[in-house]
Amino acid sequence: MSIELAMRVEDKLFNNRYLVDTGRPHIKVRPHAKPSPQLLSMLKACPARCYELSEQGQVEATVDGCIECGTCRVICEESGDIEWSYPRGGYGVLFKFG
Amino acid sequence: MIEEKFDAIVVGAGMAGNAAALTMAEGGMKVLQLERGEYSGSKNVQGAILYADMLEKLLPDFREDAPLERHLVEQRFWMMDDRSHTGLHYRSEDFNEDKPNRYTIIRAQFDKWFSQKVREAGATVLCETTVTDLARDSDGKVIGVRTDRRDGEIHADIVVLAEGVNGMLGTRAGLRERPKPEKVALAVKEMHFLPREIIEARFNLKSDEGVVIEAVGTISRGMTGMGFIYANKECISLGIGCLVADFQRTGETPYGLLDRFKRHPSVAPLIEGSEVKEYSAHLIPEGGFKAIPQLYGNGWVVIGDAAQLNNTIHREGSNLAMTSGRIAAEAILRIKSRNQPMIPQYLALYKKMLDESFVIKDLRKYKDMPALMHTRSQNFFLTYPQLVSKAMQNFLRVDGTPKIEKEKLTLRSFTSARSRRGLFGDAFRLARAWR
């Protein structure tokens, strides 16, 4: 993916309001040596680009910018690649328009 | 544990949950509605179009104070290739009526208003509360919910699951399956702000008239998908959605697709100079009739998106949500008035009433459409739009070629792309799935 495109997602998320539940991410990636195809597909399918590849080749999730669509849940929960739940009440994205 | 016991707990404050909570509260039931957002609406995402008829059945005077954007007088369907669109537009003065049929709305604002009506009807609405589990008795009957608040177990005679497309409670409790990637679409959307007179000039609108554009074609890169543009008063909702399985298969990015749609020569002038104030994403149930799960059980019912009630062909969802919420509530009120327990034997009334409504009748009509659209997406979303564009340009461009040869050229382009057999087969399958 081009850096230009990646920057554009961050610009998009910048306009949104969030209340981040620091230290309590609502999505957790199961520790792995080699990512599954499902997990790898999230690098592109996540609309908030929460999933990234580490230098060691593992998929990591940073959910601060998550817009809570559930795409990763649909793709990755069944295989056990991620643990997915809603943020605690009041936390997460706060849509002004929706 | 909260000592107080309720007649009903509604999980979620979207269209379905609000309709159910309102109807039960108006019927005299003691209702608790739980919502994880900071207010009702803050987690809800939709295009959005509001269908007046279904809301009138709940709140006949909604036009007096509901935050409505524009009433729709025009619908544009676009078939696009990379440089063109072929349009089918319908606009009628008949839509400028005393009680318009469809409006654009902004969900976060509309839902806040709807929630106020739910409170006025007497329901207790508790926000910033995520429901984490269903509480069951030793027989497995659902008797309430557990939340992420301290001492968060609350009991009720019936739990109405209006938890949306990602309905986690229901899947965790084994009441229904998690939606599969081929049964849900991911839509991304931006809110583009412009002065209202600019919007009205660009879309050919006066005062509160509104327009919807829906677009298919090369914008979805061969995936099953659709772009949309809705005119609100002072902003434009613009987005695109495709099947999750298609995103997974192709490696396309949702934001890449959105940006390409925005740059299309037919779209760019409409949003030029706008200020984007929000970026959102949402899953849309696309499985249709065949994806509807078990709708009721021991102490629970499920309504709205959580029950996959969405009409893909007509892009209707919120009206099915509202109607399923109202019908479930009416069934529950009837069961309660007969002093019957909330067990499957009696809750089956909800499904019976829903089957008789437009909700299930419409979904049944199109039961074969999802399979058709999802398995041959290349043809319907890439090949045909390109062929139609070529045919239109061939028809319109005046270059001295005799018309008879132009027609032959067009016909040949269709048969060489899809073959006579393929064309006939596509038409036949479409007609059969549509009827």
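**Helices, strands and a chain interface in a predicted model**

Helix 9 of chain B, formed by residues 318-337, has 20 residues and reaches 28 Å from its first C-alpha to its last, close to the 28 Å expected at 1.5 Å a residue. The model is predicted. Helix 9 of chain B is mostly covered, with 16 of its 20 residues buried. Just after this helix, B:Asn339 takes a positive phi of about 55°.

Part of the surroundings of helix 9 of chain B is supplied by helix 1 of chain B, residues 15-26; the two helices pack at an angle of about 30°, and their axes are 7 Å apart. Angles under 35 degrees count as roughly parallel, and helix 1 and helix 9 of chain B are therefore roughly parallel to each other. Their crossing is right-handed. On the side of helix 1 of chain B, the residues that meet helix 9 include B:Met15, B:Gly17, B:Ala20 and B:Met24. Helix 9 of chain B contributes to this meeting, among others, B:Ser318, B:Met322, B:Gly325, B:Ala329 and B:Leu333.

The axes of helix 13 (residues 377-396) and helix 14 (residues 403-434) of chain B come within 9 Å and cross at roughly 160°. Angles over 145 degrees count as roughly antiparallel, and helix 13 and helix 14 of chain B are therefore roughly antiparallel to each other. The crossing of these two helices of chain B is left-handed. Among the residues of helix 13 of chain B that meet helix 14 are B:Asn379, B:Thr383, B:Leu387 and B:Phe395. The residues of helix 14 of chain B that meet helix 13 include B:Leu409, B:Ser413, B:Phe414 and B:Asp426.

The strands of chain B come next. Strand 4 of chain B (residues 68-80) is joined to strand 5 of chain B (residues 85-91) by seven bridges, and the two strands run antiparallel. They form a hairpin with four residues between them. Within this pairing, B:Phe77 stands opposite B:Leu88 in strand 5 of chain B. Strand 4 of chain B also pairs with strand 12 of chain B, through nine bridges and in parallel. Here B:Glu74 has B:Val211, in strand 12 of chain B, as its bridge partner.

Strand 12 of chain B, residues 209-217, is mostly covered, with seven of its nine residues buried. Four bridges join strand 12 of chain B to strand 13 of chain B (residues 225-231), and these strands run antiparallel. In that pairing, B:Val212 has B:Tyr230 of strand 13 of chain B as its bridge partner. In a regular strand, side chains alternate between the two faces of the sheet.

Chain A can be approached through its interface with chain B, where 31 residues of chain A are in contact with 42 residues of chain B. On the side of chain A that touches chain B, the elements giving two or more residues are helix 1 (3-14), helix 2 (37-45) and helix 3 (71-76) of chain A. Helix 1 of chain A provides the largest share of that side, five residues.

A:Val29 is found in strand 2 of chain A, residues 27-29. A:Val29 counts as buried because 20 C-beta neighbours are inside 10 Å. Leaving aside neighbours within four places in sequence, A:Val29 is in contact with A:Val59, A:Glu60, A:Ala61, A:Asp81 and A:Ile82. A:Val29 and A:Gln58 are 29 residues apart in sequence and 9.8 Å apart in space, C-alpha to C-alpha.

Definitions and conventions. Residues numbered from 1 in each chain as written. Chains lettered and ligands numbered in written order. Predicted model: local features only at pLDDT ≥ 70, side-chain atom pairs only at ≥ 80, totals over all residues. Buried ≥ 20, exposed ≤ 12 C-beta atoms within 10 Å, placed from the backbone. Pairing = 2+ DSSP bridges. Expected span 1.5 Å × (residues − 1). Axes fitted to C-alpha atoms, helices over the stretch in contact; angles between N-to-C directions. Parallel < 35°, antiparallel > 145°, perpendicular 65-115°, else oblique. Left-handed = near helix turned anticlockwise from the far one by under 90°. Contact = placed C-beta atoms within 7 Å.
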